[in-house]
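Reader: Hi, can you walk me through this one? I'm new to reading structures.

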Protein chains: 4
Amino acid sequence: MKPYDLIIRGGTVATASQTFKADVAIRGEAIAAVGRGLGPARREIDATGRVVVPGGVDSHTHIEQLTAAGIMNADSFETATRAAVQGGTTSVISFAAQHVGMSLAKVVDDYAALAGRGAVIDHAFHLLLADPTPDVLAREVPQLVRAGHTSLKVFMTYDRLRLDDEKLLDVLQAAKDNGALVMAHCENHGMIRWMADRLVAQGQTAPKFHAAAHMRASEPEAINRFITLARHVGQKVMIFHVSTAEGAAIVRQARGEGADVEAETCPQYLFLTGKDLDRPGNEGARYVFSPPPRERSDQEALWRALALGDLQTVSSDHAPFAFDQTGKLRNSLNPTFKQIPSGLPGLATRLPLLFDAVVSKKRFGLPEFVRWSASEPARIYGLTTKGVIAPGYDADIAIWDPKRRVTLADGPIHGLAGYTPFAGRTVTGWPETVLSRGRVILEGGEVTAQAGSGQMLLRKAG
Amino acid sequence: MKPYDLIIRGGTVATASQTFKADVAIRGEAIAAVGRGLGPARREIDATGRVVVPGGVDSHTHIEQLTAAGIMNADSFETATRAAVQGGTTSVISFAAQHVGMSLAKVVDDYAALAGRGAVIDHAFHLLLADPTPDVLAREVPQLVRAGHTSLKVFMTYDRLRLDDEKLLDVLQAAKDNGALVMAHCENHGMIRWMADRLVAQGQTAPKFHAAAHMRASEPEAINRFITLARHVGQKVMIFHVSTAEGAAIVRQARGEGADVEAETCPQYLFLTGKDLDRPGNEGARYVFSPPPRERSDQEALWRALALGDLQTVSSDHAPFAFDQTGKLRNSLNPTFKQIPSGLPGLATRLPLLFDAVVSKKRFGLPEFVRWSASEPARIYGLTTKGVIAPGYDADIAIWDPKRRVTLADGPIHGLAGYTPFAGRTVTGWPETVLSRGRVILEGGEVTAQAGSGQMLLRKAG
Amino acid sequence: MKPYDLIIRGGTVATASQTFKADVAIRGEAIAAVGRGLGPARREIDATGRVVVPGGVDSHTHIEQLTAAGIMNADSFETATRAAVQGGTTSVISFAAQHVGMSLAKVVDDYAALAGRGAVIDHAFHLLLADPTPDVLAREVPQLVRAGHTSLKVFMTYDRLRLDDEKLLDVLQAAKDNGALVMAHCENHGMIRWMADRLVAQGQTAPKFHAAAHMRASEPEAINRFITLARHVGQKVMIFHVSTAEGAAIVRQARGEGADVEAETCPQYLFLTGKDLDRPGNEGARYVFSPPPRERSDQEALWRALALGDLQTVSSDHAPFAFDQTGKLRNSLNPTFKQIPSGLPGLATRLPLLFDAVVSKKRFGLPEFVRWSASEPARIYGLTTKGVIAPGYDADIAIWDPKRRVTLADGPIHGLAGYTPFAGRTVTGWPETVLSRGRVILEGGEVTAQAGSGQMLLRKAG
Amino acid sequence: MKPYDLIIRGGTVATASQTFKADVAIRGEAIAAVGRGLGPARREIDATGRVVVPGGVDSHTHIEQLTAAGIMNADSFETATRAAVQGGTTSVISFAAQHVGMSLAKVVDDYAALAGRGAVIDHAFHLLLADPTPDVLAREVPQLVRAGHTSLKVFMTYDRLRLDDEKLLDVLQAAKDNGALVMAHCENHGMIRWMADRLVAQGQTAPKFHAAAHMRASEPEAINRFITLARHVGQKVMIFHVSTAEGAAIVRQARGEGADVEAETCPQYLFLTGKDLDRPGNEGARYVFSPPPRERSDQEALWRALALGDLQTVSSDHAPFAFDQTGKLRNSLNPTFKQIPSGLPGLATRLPLLFDAVVSKKRFGLPEFVRWSASEPARIYGLTTKGVIAPGYDADIAIWDPKRRVTLADGPIHGLAGYTPFAGRTVTGWPETVLSRGRVILEGGEVTAQAGSGQMLLRKAG
């Protein structure tokens, strides 16, 4: 037999349903075999005492993206994907973000060029539709979906991004006609705007009022409405970043009634609460993201929703802004909550936080970690070669030291934002070695991949 | 003892909770006593074998009102209130309907003038807010509510009438600040518009497509959203014309959670179905009203919701248009469903239909008839002297012949529209004699009241 | 006109749906008229500043009854009904309590004789079926129901009283065949016995463990099961003494699905909690009744269930035992919770507690007080001449001083038990004068009615 | 490298989460590797165009078991396990069935001896507790659970088998104390007995009345009760053979509330309906099993519950009786439904029916087939080496021809009962070759394994 290119020897391999001791053999860019006593190979990595899992798939990230308010995210594709690798993630899906008046095809080309130049791992694009004109929907969307960009993102809130119910139906119908998926940011726009304006008028401008403005009721309302629209059209949908128990309950109820709905949450809703927004000084600005973090009881509800399969994935919603006047504190050292760009860096911390809670703290086990971090996002978004350790799949693999304790801290690991809202937490379990399509891209704490070495992933519609 | 002015002798008196044999004695405009062997009186009406109930309160009627599309309702206050009297109704609440740009106070004055000239029975006004500007909400609404117009109507659909969620919150907050009630027409605007446009584009223009355009899912969505908004503000609300089982279920669930919500339905949702829209030729146009009639299973669900107290009242939503080119068939003998003015005449038929189903067919009994037709609308809208047969209340009384069988037919009894969508049905039970504030206003089939003899009813806020 | 026998002049009269100022005129045993300026009369009672309501109907009381454990209730019919009168109640329904092996007809005769000798107010009997043999069901129940005893009580717990599911179905079927109502004490017998035995085995014998033994989950389970059985047969049922939020939720859900179910709660579940069982020494024994009192959140849930119409009545479940070795402390000054007879005196306090909370503290209003205390129990159990102030109804009337403040205390007012678990509470509102069929039976704090002057009330089946 | 013992070459391998092309290499009794181009091996099986799945795990079967009514099942361990193999199943769990008065340890020994002599595949035992005396629970259960019999079965119906609620709590508590699982047959005993007696008394004795006797409401009632008991103790439970939409809804609701509940259904509830019981003559007797088959809408609800993860497994509930006077028609050629032994042969047909519906008819896909038929039952019951194709797991493998069409028919394949209630159905997909711990035991349609070659599987508690 011809030797394998690489064998990861002696680790504990985890799939979405099982855990077992096995070697993983790689030939070229793909996994060739999973077995005991495999060999020989030209190179071996000793994984004794280590956990071997699919590299993470982060299906909700904002990279090198201009917000509707005209602020650029802190990260480039290079810095963002390097952060991802350090956190055990080997695929990202970010947004080709149309703004009003833009050609969607042009937008995709532009983002693809940026990513092609910078990304160190494989990546795909969601089409963010801020202006679904008849031409965009009738001409560009079909072409782009056929070309492999099979997921459409819509916003129900944010000026200049949000779509009203008619436009949402237009997008849902276009998705149905073309075999695409539609993901939505579900918060009630009017409620938030009304409340934010009242709060500011009353002088209640500290970061903590961001959570009051994005009142919890705005989420289940919008989820319920979006699912109603999707069911009318008969279109499958994904609810982004569920943050409340009530939101998760709406998803559960709709699924129970047969609605074709999936949903994600994010580490910030599993590990932070609204109290974090009330940190002294302007520290709370680090925790301004939308929807905002909620209560401990919501965290429990979201874990249960994951366990029950009501939610399928945990993504980062990475949307970094530096904690200075170019980002979180722009224009002012003391901005009102409405001026603070909404978002947090999360690519590097998503998986360590999840591994610690799910595996090390034994809330669940390795299969759940694999499912929520890699195999389910790969399945849902059509990344058919990712997220699984089995013959024929891309050799995107992360080898974790399940005993290593790390205290999260601000620093360049988080990308150009340079801080983490999870600073101070100690997690057990850390990715030691990471492979992308068979190449070792993280080793000894160093990202060894070259900018631009990642590939754009095209997906099949339908 | 001084003789009473009038005694209704020997009938079966019904209240919202009981039925008993008694005489009803009237002095001046009010009921003086309910008892056995009362007397003497200057006049007596023999009510042997008759049922004596409070005159109906129809809390949802459109009279002499210009639609947003610029079409005038068929009826004047005189013709509408004469129709009401013939159907056993002695109070109506119609709309002081603001259109965009109008002063609300001026609107009230104008409608009050029209009603003052024409109405033969007592009447009140809901303030219909199509343009709740800061000035309207901060200056006019407080004045008008204090002046006795304590109920605000909002639309969630119809171009030029509908309010978005922010405006709805503005109105709800103004209502809360001033102690008013808010009623809403709850249908999802975007869904209806999107669907109507698609149907028309596909050439599906017959009246029956009106029901497809107003798909049932648009109702529970909007009810859920409106209740969410109201709960955010902490404001009591009334859901108008619930038509679907799912809509009633949302109301029930919200009430169970402690929400301060009440709701009505109308005879058209209890007695008609979507099939009526598919009558041959353009006959279906008679059944174009919004929301449209649904299924038999919805009828059952609505009866149950009434029985359970989830719904409290049955109003007519009287909105008459002649069945000719001035109304239903305007511009064309064969209009598309979008061109047909939405509405039906209902003042004359509401109570006979309800009496027949609730009392004669023994689905429930007289107390439920009284409750849903008179005492509950009087309570909810603050008509504190109406809807009850007890000492001190206005002597607004209808004496029904419970055995009289009438086959409903088109004709002037229905007001200027001159037809009824219930034509052909035979009901048992008919109002024989009607009193308004002690005056006999219907006798021997003739309305004897003078135009303008009705009074405007002012209500107390809070 | 012939003078009335009595006029209650100038009070505020309340019905189940309204409140108004009126005189109430009585002729013989019945109400003759309700009106303004009525008269003349041979006697007048000045009710200025007073509230005039129907005398209370207490539909769930144990009087002069032997428990299955062989202990006699503290009260005789005379003492119990005197307590009732002092609390504003003018009708009671107690139990003709069969024990295993007894003839039901004989049981009724015996209780009727006791009541005939002692009762100072009108009274009816529920048939308590502890031994529904084929003969009892096929022969005695039809005769007794036809004779006017139209309500059957079953127990799902208590040794020697409880019926298994088959027997429950037998009784439900017999009720259906004969047009009777079935009421049930719903707690899961096995759960309670299992838990009680474990607690005692562990030495956990203090009164507070009574609540642990009657764990809250035992109630919704049994309610759900009983309703399932009743729906199988198609029989209307009444759930006695709902104590938990979950129990009320089961009732609400079943009603929403169309089940023919009504339900009551009692003051002990609205005003006491499980903490009362943990009072020092053996004081907790005063609070041993079944089901036990629960949490404050249950109280809120029960009030809401009353408001929503899920529960219809508030009865006392009067079951008095003296607080000495003949009753609560029998056999021992320090009994285990299993030995303490379960029950509390409640006839005198039911209405003052309810009036205070519902009316004086403005949680609801007078119509709700009348509904839950008098008119609804009268309607549900077929006491067609009781519970209403309207012409033709029995002149059973209580005149309350709505301003009088009374601090509840132990004493003979509570009957022979001589104590009240509500001691120490101050209530506002107290019954000043009480009439039974036109006779004044409470005046100046004195019960003036003679033992045996009450009448047995027979009811109509179907 | 040492050659493998066997390679299954070129098939489509399915796990509980993925499907991929790979060879499966076996060394000794276990799977050694899964990969592309594996080799060499001493023997190869060409699986081109075939599907390679874990051998089925049938976790609910009655083998060589005496019913409480004293009738012996048709099959021996040899005939039953041969039927299993022909249907692609490689592990069975049957019952060590205690009857009243028996020692449980003795029962296990006896069944183990029977299975040891006859079984051709690996097998485990559920302990069926018909008489959970203090001694059984305190002494035998701990020993037996520690010895590897970690699952306890209880019945809520059937005379001589059923446990009342107290006994159920005893068993649940013993399971909790010893780290065992409890499975339950949930039907309300009293309802069934009451109804069956009435039906027979009315002469309604045909097989179809079996379904009327086991009315659908008896299932959700019992499931709800059993879950209530389990939650009280804090014990994990498995609901056997859910047959109704309402039953599945109770499971879903309890899981949503956090209850530790899993559940199964069986092919008879997915593919048959109550109409099958009404076949002419005594043919309906073939369909007498409990719970009975229900409606098509229940089938849909059960498929959805599987899809949603509310149900986790599909077992056969194999309980065969010959269709003659030794079995279904015992005592009579025309027995009443109460005399017909309840049960059906299902070991051979479970997986072909499931494969056809789930895979061939594309209702779901191969991962769902694997999950419900093998990996989930293995996980739930602690068969840690079964149900998975991955290195280290037992080489229990079934190779299916996904194109083969077979029309099910009566015959010896179904074991000694010799018939199948699914006769006449054509399925696509059939197991061609089956391996048990590396041995080929089915080949060319012939079962090649020796009686007694199966091993007893012991499991770990906790």
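Author: Let's start with a term. A polar contact is a pair of N or O atoms within 3.5 Å; within protein, one must be able to donate a hydrogen and the other to accept it. Residues adjacent in sequence count only if both atoms are side-chain atoms. Keep in mind that this is a predicted model.

Reader: OK. How many residue pairs are in polar contact between chain D and chain C?

Author: Six, with both residues at pLDDT 80 or more. There are also four salt bridges between chain D and chain C. One joins the side chains of Glu166(D) and Arg193(C), at 3.1 Å from N to O.

Reader: Which elements of chain D supply at least two residues to that side?

Author: Three helices do: α4 (165–178), α5 (189–201) and α7 (218–233) of chain D. By class, the side of chain D that touches chain C has eight nonpolar, six polar and eight charged residues.

Reader: How much area do chain D and chain C bury between them?

Author: About 1,900 Å², with 62% of it on carbon and sulfur atoms. In chain D, the most area is lost to chain C by Glu166(D), Trp194(D) and His232(D). Together they make up 34% of what that side buries. The contact involves 22 residues from chain D and 22 residues from chain C.

Reader: New topic. Which residues touch the most other members of the largest nonpolar core?

Author: The core has 134 residues, and those residues are Val53(D), Leu152(D), Val182(D), Phe226(D), Ile239(D), Trp303(D) and Phe369(D). Helix α12 (residues 366–381) of chain D gives the largest share of this core, eight residues.

Reader: What does Leu152(D) touch, beyond its sequence neighbours?

Author: Leaving aside neighbours within four places, its contacts include Leu127(D), Val141(D), Val171(D), Ala180(D) and Val182(D).

Reader: Let's go to chain B. Is Val182(B) buried or exposed?

Author: Val182(B) counts as buried because its relative accessibility is 1%, and buried means under 20%. It sits in strand β10 (residues 181–185) of chain B. Among the residues it touches, not counting those up to four places away in sequence, are Leu152(B), Phe226(B) and Met238(B).

Reader: Last one. Why is helix α1 of chain C largely enclosed by the rest of the structure?

Author: Eight of its ten residues (77–86) are buried, so helix α1 of chain C is largely enclosed. The buried ones include Phe77(C), Ala80(C) and Val85(C). The buried residues of α1(C) pack against several elements of chain C, among them β7 (89–97), α2 (104–118) and β8 (122–128).

Reader: What comes just after α1(C)?

Author: Gly88(C), which takes a positive phi of about 90°.

Note on methods. Residues numbered from 1 in each chain as written. Chains lettered and ligands numbered in written order. Predicted model: local features only at pLDDT ≥ 70, side-chain atom pairs only at ≥ 80, totals over all residues. Heavy atoms only, no water. Helix = DSSP H or I, 4+ residues; strand = E, 2+ residues; numbered from the N terminus. Buried < 20%, exposed > 50% of the residue type's maximum accessible area, 1.4 Å probe, protein only. Contact = heavy atoms within 4.5 Å. Core = buried A, V, L, I, M, F, W, Y, C linked by side-chain atoms within 4.5 Å. Buried area = accessible area lost by both parts, 1.4 Å probe. Nonpolar A, V, L, I, M, F, W, Y, C, P; charged D, E, K, R; others polar.
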